[in-house]
Amino acid sequence: MESLLNLNDIVFDGLLALGLLVLAWSLLRSPDLFKAIVLFISFGLIMSLAWVRLKAVDIALAEAAIGAGLTGALFLSTLSRMQRGSRKSEPKKDRRPLSKEKSALDRISDAGVSEE
């Protein structure tokens, strides 16, 4: 009976790790910033569950409160300010999505490169 419980724990932990990897990959490859932020918040909540499974409840609480809660709220606030600012400066710009938008990972890598 104990080996069955151990097998269930192993399967659950494996699915948890796989879910974290899938969330991280889709977060980095998302072309939509709002979707990337929602995936980031989801990643933080699932990561806090992983910390609970590792019996690190204090780290899990910090991850849920700071990693998912506070940081996610700041990201959403920043995104709304960015969209408000772009509407004021360029009111007649075509806002339809491009066919090949850059992903969040591409935007991060482009931010480190300065054009001279």
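## Lining of a pocket

The lining of the second largest pocket is made up of ten nonpolar residues, one polar residue and one charged residue. The structure discussed here is a predicted model, and in this model the pocket has a volume of about 260 Å³. Its lining consists of L27, L33, A36, I37, F40, F75, T78, L79, M82, A104, R107 and I108, and the elements that contribute two or more residues to this lining are α2 (33-53), α3 (57-89) and α4 (104-111). Rolling a probe the size of a water molecule over the atoms shows where empty space is left.

## Overall layout and confidence

The chain contains four helices and zero strands, and when it is read along the sequence these elements follow the pattern α-α-α-α. Of its 116 residues, 16% count as buried. If we consider the contacts between residues that are at least 6 apart in sequence, 63% of them join residues that are at least 24 apart.

The mean pLDDT of the chain is 84, and 79% of the residues reach 70 or more. Among the elements, α2 has the highest mean pLDDT, at 94, whereas α4 has the lowest, at 72. Where pLDDT is low, the predicted coordinates should not be read in detail.

## The largest nonpolar core

Which residues make up the largest nonpolar core? There are five in all, namely L23, L27, A36, L39 and A104, and both α1 (2-29) and α2 supply at least two residues of this core. L27 belongs to this core and is also one of the residues that line the second largest pocket. Leaving out residues up to four places away in sequence, L27 touches A36, L39, F40 and A104.

A36, which is found in helix α2, is likewise a member of the core and of the pocket lining. A36 counts as buried because its relative accessible area is 7%, which is to be compared with a cut-off of under 20%. When residues up to four places away in sequence are not counted, A36 touches L27, S30 and A104. A36 and A24 are twelve residues apart in sequence, and their C-alpha atoms are 9.5 Å apart in space.

Is S48 buried or exposed? This residue, which is found in helix α2, is buried, since its relative accessible area of 9% falls in the range under 20% that defines the term. Leaving aside neighbours within four places in sequence, S48 is in contact with A60, E63 and A64.

## Residues in the loops

K55 is found in the loop between α2 and α3, and its relative accessibility is 73%. K55 therefore counts as exposed, because that word is used for values over 50%. The backbone of K55 also deserves a look, as its phi is near 60°, a positive value in a residue other than glycine.

D32 has its place in the loop between α1 and α2, and with a relative accessible area of 39% it is partly exposed. Although D32 and K102 are 70 residues apart along the chain, their C-alpha atoms are separated by 8.6 Å.

## A glycine in α1

Where in the chain does G19 lie? G19 lies in helix α1, and its relative accessible area of 28% makes this residue partly exposed. The residue I46 is 27 residues from G19 in sequence, while the distance between the two in space, taken from C-alpha to C-alpha, is 8.1 Å.

Key:
Residues numbered from 1 in each chain as written. Predicted model: local features only at pLDDT ≥ 70, side-chain atom pairs only at ≥ 80, totals over all residues. Heavy atoms only, no water. 1 Å grid on protein atoms, 1.4 Å probe; cavity = no way out; pocket = protein on both sides within 12 Å on 5 of 7 lines; lining within 4 Å. Points joined across faces, edges and corners; volume = space filled by probe spheres on them. Nonpolar A, V, L, I, M, F, W, Y, C, P; charged D, E, K, R; others polar. Core = buried A, V, L, I, M, F, W, Y, C linked by side-chain atoms within 4.5 Å. Buried < 20%, exposed > 50% of the residue type's maximum accessible area, 1.4 Å probe, protein only. Contact = heavy atoms within 4.5 Å. pLDDT = per-residue confidence, 0-100.
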